There are 2 protein chains.
Amino acid sequence: MPTKHSTDYLISRKSFTANGKSYHPPGCPVAVICLDGSSDEYINAALAHEKMPNLSGMLQKGGFRGVVRAALPSFTNVNNASIVTGVPPSVHGISGNFFLDPDSGNEVMMNSGSFLRVETILAEAARAGRRVGVVTAKEKLRDILSHGLTGIAFSAEKADQATKITHGIDHVEHLVGAPAPPIYSAEASLFVLAAGVALMHHGLADLLYLSLTDYMQHKHAPGSDQAIEFYSQIDIEIGRLLDGGALVAATADHGMNAKQRMDRTPNVIYLETLLTETFGGGCDVILPITDPYVVHHGSLGSFAVVHLAEHMSAETVGQWILELDGITEVYHRRQAAEKLELPTDRIGDLVVLSVRDVAIGRTPEHHDLTAVAKGLRSHGGRYEEMVPLLLSEPLKPRYAQYADTDPRNFDVFDFALNGTTRI
Amino acid sequence: MPTKHSTDYLISRKSFTANGKSYHPPGCPVAVICLDGSSDEYINAALAHEKMPNLSGMLQKGGFRGVVRAALPSFTNVNNASIVTGVPPSVHGISGNFFLDPDSGNEVMMNSGSFLRVETILAEAARAGRRVGVVTAKEKLRDILSHGLTGIAFSAEKADQATKITHGIDHVEHLVGAPAPPIYSAEASLFVLAAGVALMHHGLADLLYLSLTDYMQHKHAPGSDQAIEFYSQIDIEIGRLLDGGALVAATADHGMNAKQRMDRTPNVIYLETLLTETFGGGCDVILPITDPYVVHHGSLGSFAVVHLAEHMSAETVGQWILELDGITEVYHRRQAAEKLELPTDRIGDLVVLSVRDVAIGRTPEHHDLTAVAKGLRSHGGRYEEMVPLLLSEPLKPRYAQYADTDPRNFDVFDFALNGTTRI
């Protein structure tokens with residue numbers, strides 16, 4: 001492995017603006033990592049076992065570790081969209097992985113860039129002359145993350161299908177020195193980081209967005225050997241980025257909590273079943289965690305939206321849902337849009353959140369629990385809202401002050417490009 | 001310092017029951033510590049700077065570190081009462097530091113054991129033959145913690161006033177080798193821990209509850225030199241407890257967040273003022289954080305109860321409050337009792353929680369902001385609900401499973417006495 005980044009070209013320090021915010025990037029490679037599903041406990045456990053020496057060293061040399069607030073619902077697409085745009089879902093429009101499209105009346109995946117209502121920081125950075133490289137574990141995110149981007153963007157999942165014309169790069173497996181990994185693996189994430197290192201070393205990218213997948217966190221608790229080993233491997237790649245001269249920033253899209261009973265069976269409220277039994281049929285409970293990767297979570301998380309049937313009163317049904325054990329918050333559409341920063345037209349009549357150890361399901365028939373029968377770890381609610389923010393460099397005083405208010409995970413590009421003492 | 005606990009008597013392993021739960025204590029000294037106001041970030045920062053070698057060693061040898069949910073409101077008296085009883089406020093009756101007593105109509109401190117509606121684990125342990133030692137930083141807690149207890153109980157604040165008859169011990173300053181510290185100091189907490197070490201070493205107590213004060217956390221952010229030094233000093237005392245052969249368990253009563261603007265001035269919603277302007281006079285906003293230690297927080301936290309005037313509709317006022325920026329949750333009395341596990345008769349008509357960086361005040365006249373003018377760090381709401389759980393010994397499998405559901409900070413005695421492999 002080479003240990004310095006390619007210096008055969010000057011990295012652009014040209015300022016640019018995205019969604020009303022100015023960015024003044026430093027003249028070094030910058031790697032922003034989304035550690036999908038990383039609640040602080042995962043990092044704590046790995047650090048306690050001294051398995052993250054590079055992170056540890058980075059913090060001892062004055063780097064920053066804090067806790068920031070993600071966007072709700074605490075899902076992958078929502079928060080990745082927030083991170084790359086710097087704005088909440090009410091502005092960028094991505095309200096879940098999945099939604100009921102009011103125009104068509106169909107339930108559809110929300111993984112196309114066409115659902116994005118604003119530009120991305122990455123696209124604007126590329127326009128200002130940065131060589132932007134986006135690598136995501138899951139193909140489902142690629143279209144959103146690369147929206148409007150002139151640069152490199154590919155997924156680990158489909159790394160073998162990247163071509164120069166469509167992805168800004170080809171022969172990715174050769175570049176990384178590894179085959180495209182299976183999506184249900186630790187390697188799906190580690191490949192992303194290794195690809196970032198390779199892009200930087202070859203001078204192909206100097207502004208990286210590396211978005212991992214939370215398969216390991218869905219399957220393994222923070223103190224488990226598997227989780228600790230996974231973070232140890234992540235740390236090795238962070239070390240390579242640092243050795244290559246990069247400024248490294250990391251946050252998460254959401255945390256992760258066990259949603260299971262003492263016997264590790266899933267702890268689920270089947271909301272559509274309950275509503276149909278109580279108020280009659282015709283309502284739809286949409287679970288915006290739904291995505292093609294069902295082994296992770298069986299489409300069970302701590303956030304649901306309810307589209308009521310015409311005869312149902314939002315007030316009555318909302319109050320009834322709030323009475324359920326395990327439900328923490330219920331909002332009417334307009335309230336949800338305001339309180340949770342959501343796009344009014346892409347949520348339901350009611351928005352429902354559940355407690356730390358409870359997931360919301362639709363009906364038992366809607367969920368294949370085979371993959372989560374022995375343990376359900378998931379996210380989506382308020383208890384997966386707080387996530388780490390890590391920076392390899394000391395903060396400027398103004399950003400240290402900002403960090404001591406209510407910083408967000410989608411400020412990570414602001415912190416990385418504007419907020420450190422690195423120039 | 002002697003390095004072994006006094007073994008000139010056999011420590012009782014007799015089982016006992018408190019509030020429906022059985023306890024089977026190990027035959028070693030047990031120290032349960034309430035690290036007042038310790039959000040995880042404080043521990044992270046001190047560990048990152050390698051200033052907690054004893055905690056670090058304890059975790060590397062198989063001890064447990066996890067995150068548990070405190071009782072709401074995330075205040076000191078509420079959670080100390082929960083910790084020593086093992087039950088939520090709906091059962092033990094302590095709903096704040098301060099409340100409007102419905103019997104007298106007066107606003108009073110809730111710091112007398114007479115407000116407790118159940119027995120404590122400590123009192124029952126003493127009845128079963130344990131030598132119980134309770135040390136609290138703040139005198140305000142002593143009466144609740146020592147309720148029904150035959151044993152030792154004193155505060156650092158009034159250590160010089162302890163007598164054998166009233167406190168189960170005298171000459172405390174001589175025993176600890178330090179004078180009673182000022183309450184607004186790091187020493188107020190460190191004295192508590194040093195007293196615990198001394199009680200154990202002299203064979204005066206083999207079941208310790210050591211409850212610190214959060215003065216330092218109110219005044220200093222997690223990454224500050226002062227906070228890191230404070231946790232380094234705490235770690236030294238933890239080391240002494242471990243060296244003395246104790247099983248050490250620690251949790252917190254609540255977390256801590258900055259409630260300030262970028263210029264570090266307090267970020268406050270004066271709720272009684274707003275309600276009076278909008279709905280007319282006659283309502284009372286009670287701030288249950290209120291206690292005699294105003295330098296900490298100026299009675300500003302993220303939780304308030306509202307006693308409405310007769311002409312006011314709970315529905316209308318509640319909806320209006322929820323619309324306010326910075327307010328996250330509003331509950332009617334019965335809902336609050338159910339959802340937040342509160343005693344119905346000791347809250348208001350409405351219960352209001354605010355977001356991470358916002359505090360709720362009564363009227364500007366009610367608060368002396370002198371002590372918090374340059375920074376307000378406080379607690380009380382949902383964002384200070386998650387706290388650490390630390391144990392010096394490995395968990396039994398059943399408790400490891402329980403830890404992977406939704407464990408509470410008030411399970412700490414259950415974990416310490418029943419949940420580890422130590423016998």
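The second largest pocket holds about 750 Å³ of space. This is a predicted model. Chain B can be laid on chain A by a turn of 180°. The structure also holds 9 cavities of 30 Å³ or more. The points below cover pockets, symmetry, cavities, helix packing and backbone details.

**The second largest pocket**

- The lining of the second largest pocket has 33 residues.
- Those closest to the centre of this pocket are A:F64, A:R65, B:A221, B:P222 and B:G223.
- From chain A, β4 (64-69) and α16 (397-403) each give two or more residues to this lining.
- β4(A) gives the largest share of the lining, 5 residues.
- By class, this lining has 16 nonpolar, 10 polar and 7 charged residues.

**The largest pocket**

- About 930 Å³ of space lies in the largest pocket.
- Its lining has 43 residues.
- Nearest the centre of the largest pocket lie A:A221, A:P222, A:G223, A:S224 and B:D404.
- On chain A, the elements that give two or more residues to this lining are α1 (40-48), α10 (215-219) and β11 (257-258).
- On chain B, they are β4 (64-69) and α16 (397-403).
- The largest share, 5 residues, comes from β4(B).
- The lining of the largest pocket divides into 19 nonpolar, 16 polar and 8 charged residues.

**How the two chains are related**

- Two copies of a chain are related by a rotation about an axis and a shift along it.
- Here the turn is 180° and the shift along the axis is 0.0 Å.
- Chain B then lies on chain A with an RMSD of 0.0 Å.
- That is the relation of a two-fold axis.
- Which residue of chain B comes closest to the rotation axis? B:N44 does, with its C-alpha at 3.8 Å.
- The same surface serves both copies, as 100% of the contact residues of chain B recur in chain A.

**The largest cavity**

- The largest cavity has a volume of about 500 Å³.
- It is lined by 27 residues.
- A:V67, A:Y383, A:M386, B:V67 and B:M386 lie nearest the centre of the largest cavity.
- The elements that give two or more residues to the lining are α1 and β19 (386-391) of chain A, together with α1 and β19 (386-391) of chain B.
- By class, the lining of the largest cavity has 10 nonpolar, 6 polar and 11 charged residues.

**The second largest cavity**

- About 350 Å³ is the volume of the second largest cavity.
- It has 20 lining residues.
- Nearest the centre of the second largest cavity are A:L322, A:V330, B:Q319, B:L322 and B:V330.
- Both chains give two or more residues from α14 (314-323) and from β15 (327-332) to this lining.
- The lining of the second largest cavity divides into 6 nonpolar, 10 polar and 4 charged residues.

**Helix packing in chain A**

- Helix α9 (residues 187-201) of chain A packs with helix α11 (residues 225-243) of chain A at an angle of about 5°. Their axes are 9 Å apart.
- That angle makes α9(A) roughly parallel to α11(A).
- On the α9(A) side, the residues are A:S189, A:L190, A:L193, A:A194, A:G196, A:V197, A:M200 and A:H201.
- On the α11(A) side, they are A:F230, A:Q233, A:I234, A:E237, A:R240 and A:L241.
- The contact of α9(A) with α11(A) has 8 nonpolar, 4 polar and 2 charged residues.

**Helix packing in chain B**

- The axes of helix α2 (residues 53-60) and helix α11 (residues 225-243) of chain B come within 7 Å. They cross at roughly 50°.
- That makes α2(B) oblique to α11(B).
- α2(B) makes the contact with B:P53, B:N54, B:L55 and B:M58.
- α11(B) makes it with B:D235, B:I236, B:I238, B:G239 and B:L242.
- By class, this contact has 6 nonpolar, 2 polar and 1 charged residue.

**Backbone details**

- The peptide bond between A:L72 and A:P73 is cis, with omega about -10°. A:P73 is in the loop between β4 and α3 (76-85) of chain A.
- A cis peptide bond also joins B:L72 to B:P73, with omega near -5°. B:P73 sits in the loop between β4 and α3 (76-85) of chain B.
- B:H171 is not a glycine, yet its phi is positive, about 50°. B:H171 lies in the loop between α7 (164-167) and α8 (172-176) of chain B.

How values were computed
Residues are numbered from 1 along each chain as its sequence is written. Chains are lettered from A and ligands numbered from 1 in the order in which they are written. This is a predicted model: local features need pLDDT of at least 70, side-chain atom pairs count only at pLDDT 80 or more; totals for chains, interfaces and linings use all residues. Side-chain values use heavy atoms; hydrogens and water are left out. Axes are lines fitted to C-alpha atoms, for helices over the stretch in contact, and angles run from 0 to 180 degrees between N-to-C directions. Helices (H or I, at least four residues) and strands (E, at least two) are DSSP runs, numbered from the N terminus. Angles under 35 degrees count as roughly parallel, over 145 as roughly antiparallel, 65 to 115 as roughly perpendicular and the rest as oblique. Contact means heavy atoms within 4.5 Å. Ala, Val, Leu, Ile, Met, Phe, Trp, Tyr, Cys and Pro count as nonpolar, Asp, Glu, Lys and Arg as charged, and the others, Gly among them, as polar. Copies are superposed by least squares on the C-alpha atoms of residues with pLDDT of at least 70 in both. On a 1 Å grid over the protein atoms alone, a cavity is a set of points where a 1.4 Å probe fits but cannot get out, and a pocket is an open set with protein on both sides within 12 Å along at least five of seven lines; lining residues have an atom within 4 Å of a point. Grid points are joined across faces, edges and corners, and a volume is the space filled by probe spheres set on the points.
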